[in-house]
Amino acid sequence: MNTKLISFVLNGEPVSVRVDPFELFVDVLREKLQLTGTKKGCGEGGCGSCTVLINGEAVNSCLLPAMRVEGTSIQTIEGVEDNGELHPLQTSFIEKGAVQCGFCTPGMIMSAKALLDKNKSPSKEEILEAVSGNICRCTGYVKIEEAIEDAAKTLRKAAVKGESHG
Amino acid sequence: MANLRAVGKSVDRRDGVDKTTGRALFTSDMTFPGMLHAKVLRSPHAHARIVSIDTSKAEKLDGVKAVMTHKNGPKNLFNAAAPMFLTVSNLERVLDQYLFDEIVRYVGDEVAAVAATTEAIAEKALSLIEVEYELLPAVLDAEEAMSENAPELHAGKGCTPEGKNIPGEIIRIPYGDVEKGLKESDVVIEKSFTLPIVKQVQMETQSAVAQVSGSGDVTVWSTTQTPHPSRAILGQVFGIPASKIRVLAPPYVGGGFGVRIGLSGLAEAIALGLALQAKRPVKMVYSRKEDFIASDTRHPATVTVKLGAKKDGTFHALDLKGIFNTGAYCGFGTELPGVCGAMTLAIYRIPHQRYLGHSVYTNRTSSGAMRGFGNPQGNFALEQVVDMMADALGMSPYELRLKNIMKVNDPWCLPFPCLSTELAECMKQASESIGWEKRESLKASAPHKVRGMGMAVGTHVSNAWPFCVDYDNAYFTVQSDGTVHVASGVPEMGTGVCTSLIQIAADAFGIDMDRISLSFGDTLTTPFDIGSHASRTCYAAGLAIKEAAEDARAQIFDYVAPYFDVTPEMVSLQDGYVFVSSLSDPDAASVVSLDDVKEHKQSKVSLENIAYHAHVRNKQFISTGKIVPKNAPPWHVCFADVEVDTETGKVDVLNLVAAHDVGTAVNPMIVEGQIEGGVVQGLGYALTEEIRYNDSGVQTHSNMHSYMLPTAEDIPPMKSIIVESHDPTGPFGAKGAGECSLVCPASAIANALANATNIRFTELPATPERIFAKLHPQN
């Protein structure tokens, strides 16, 4: 089969991996790179469990041909902690009770992060829109929205103090 | 209660860090050296006989290591759901399924399975299997399936005086004299309601990985909600001793909502069958489509209510009937109609009641357990008829309910007493929150819109007894360093048991949560447990852990009493320290070693010191909890404020309020999460979610794009209210909390729609199309 070696930056580190032309990026992450934090809930872009950031934008990695990742910068849930410190989104998800079964959580956090990386003062509507492609069947979204709002608040405070959260 | 340090606190979940960092492992994440991938060939026909099946080309494909069909699969009849193992002694088990059969009974039924070195090869192999089918007449509708001319789905099973294709017991609940009660009633209202097929859509699809050792020991990583019963089911399917089978979660399960009480679809059995053949680990992960078409849905149903009341509003008679379409295989088809009847009859104090309910086989995907387990179907029907009765009597629906709801120790049809209810207080707090007093003067936001409010009330159970077998066990070990290890067989499917059970253990024993670890969801390391269903986990597993902790405490008191020179009853344990109960201020007491305590009786001794003291004298404090739970009713209300666009039929839910009495809320944040999640599932049940079939028996809503789940943008303003009671039968007063939340929302929304439009919606979901059609019958 025609395979291709693709190179990209994954969670801050350069990676090269050989992929098939029709291989989807979620499978490369989960099977070739053993990064199983990114979940596969439907395989057809309908649930958002597989959300990763590609150059800062949230995408469903189950719809993303692996070859398109060449030369990009990818962030997955495994790259959200900063030097072993939980990101404010992770802390807020835990403290506000936004985690139940945990299967949607990585994708949910990635979608929220794509928003907060650009906008640290989102409205409630902007928060809900940002995660509207991420299905959660456990929480009813109430505590997820609260957690994202809470994380935004923490990030704003940190920005005032001059700390950074990548 | 004075001494509770952990119970009642919204402590962070134990699994929070793993689940927010991607470290949490699920079955679908598991991988092993040499592991094969399984794929299943499924029937394209609703009902057919396999005349011939040729797998030779598939077997020759490079990378294919095992192929299984009805020709070489196990030949033991089973039931993939927990009744295989948990049917109570007065009912007969319905065993109606082979892993592979020569008859296929629904579109999606298993025809063959392949294990190959990659998913792509397994998929390719399926396309090389040649099957010749002889089509058989199919029946999709429950009423039709009961008729004389209907095809028989399971030869020799289900011919009853009530009709054909009725599996298992017909459930009859007699109470008082319903005919007499209806005659004595001043007003009688009768109405039938139609409930749709909906799906759990738990985020992790049905999955399993099976591994067989050289000595024949079997390990199955699984998404099941019930590891121990699933082990027993696998044992019977394959004729392998249960003691050689280990079923475990790795450690997390991506949601359940009832879809895997018993096997996860057939994932465990398919993976194990192929692993036995290939002698290599096999992984079976259902695609989302397979999860839709080949794992249990909620039972669609027709429920008929006949309610009689006296002029003053006193309910006098209730006659209830429920017919449930259970699809191709029975599953929970006997137990679920029973729960529908019992839960619907148990809400109100009515002297004359009767229930008749049963399932019907049809050529559709099997129906099974989904959060609420028959209760939402009955509640939707009864709670609308209660509103109709209020209209007929000229009473407020609130006052009518308040007059009739069950009180503590009222007689009812259930075989356990009602020892706690704060339902009236739930009604009060929820009505105040939503502004119920404005119901008669609500203003819509535009001239073509109408607005209304509705309410509904209900109950549920705190474990499965008397509908299914229910008992529980726990191990409790005090390690030689004074820390504690607890083992309980329940899995963590998101409901927070790996946290709340530790809260119970901490307060039952008297140490900090940080000093307790929990093994769960693994048949090898935990004692037998029924699993996570019937809102039982915190209640029943919690009781077993509490009993074990109390036993370990007693052992410690027996051990230390002579050192303190007192009787064991005079010793206490709190915050990890043992002291004489009469000690005025244990917090301020100095810490000494057990050997020195005789000299310093006003002191306390650390558990660490005692455990090591015992250890070097060949003694360990280790106990088991073995309980048969009683049962207890949680109570709940939902209030809805809705606006309907009369030009389009579109519904806006403006506000939803749910108030729940779940006894003591062991972890209020987790309980709120249970309420909010269930209410939103109820919102979907009310307005958007539905699986429909075409005439060939094919699901037309079998993926995330066509099955309309609520998204974050569909959520109305919501409030969850916890009204605590203390139930004497539960651990620290707790009752079941997992399922109530999905029972009432659709009923409340339907009542709000009727209040807004003066039209009764008897069919769910209340889509814009259905509403428009009712609003504009001339079109």
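Domain bounds here come from an automatic or database domain assignment. For chain B this assignment gives domain 1 (31-136 + 201-294), domain 2 (297-465 + 631-775) and domain 3 (471-627). Chain A is divided into domain 1 (4-79) and domain 2 (88-161).

The model is predicted: local features need pLDDT of at least 70, side-chain atom pairs count only at pLDDT 80 or more, and totals for chains, interfaces and linings use all residues. Residues are numbered from 1 along each chain as its sequence is written, while chains are lettered from A and ligands numbered from 1 in the order in which they are written.

## Contacts between chains and domains

Two residues are in contact if their C-beta atoms, placed from the backbone, lie within 7 Å. Helices (H or I, at least four residues) and strands (E, at least two) are DSSP runs, numbered from the N terminus. Ala, Val, Leu, Ile, Met, Phe, Trp, Tyr, Cys and Pro count as nonpolar, Asp, Glu, Lys and Arg as charged, and the others, Gly among them, as polar.

The contact between the chains takes 41 residues from chain B and 40 residues from chain A. On the side of chain B that touches chain A, α1 (16-21) and α17 (668-687) of chain B each supply at least two residues. The most, eight residues, is given by α17(B).

Within chain A, the C-alpha centres of domain 1 and domain 2 lie 21 Å apart. Their contact takes 15 residues from domain 1 of chain A and 13 residues from domain 2 of chain A. Strands β3 (51-54) and β4 (57-60) of chain A each supply at least two residues of the domain 1 side, and the largest share, three residues, comes from β3(A).

Within chain B, the C-alpha centres of domain 1 and domain 3 lie 41 Å apart. Here 18 residues come from domain 1 of chain B and 15 residues from domain 3 of chain B. On the domain 1 side, α7 (227-238) and β11 (245-248) of chain B each supply at least two residues; the largest share, four residues, comes from α7(B).

The table gives the classes of residue on these sides.

| Domain 1 of chain A, touching domain 2 of chain A | six residues | seven residues | two residues |

## The largest nonpolar core

A residue is buried if 20 or more other C-beta atoms lie within 10 Å of its own, exposed if 12 or fewer, and partly exposed in between. A nonpolar core is a set of buried Ala, Val, Leu, Ile, Met, Phe, Trp, Tyr and Cys residues joined through C-beta atoms within 7 Å. The largest such core has 302 residues, and B:Ala38, B:Ala271, B:Ala505, B:Ile545 and B:Val637 touch the most other members. Helix α15 (residues 537-564) of chain B gives the most to this core, with 15 residues. Leaving aside neighbours within four places in sequence, B:Ala505 is in contact with B:Val484, B:Val486, B:Ile516, B:Ile545 and B:Ala549.

## Helix α13 of chain B

The buried residues of α13(B) are B:Leu423, B:Cys426, B:Met427, B:Ala430 and B:Ile434. Seen down the helix axis, these residues fall within an arc of 100°, so they line one face of α13(B). The arc is that of the directions from the helix axis to the C-beta atoms. Among the elements of chain B that cover them are α12 (397-404), β18 (449-459) and β27 (635-645). After α13(B) comes B:Gly435, whose phi is positive, near 80°.
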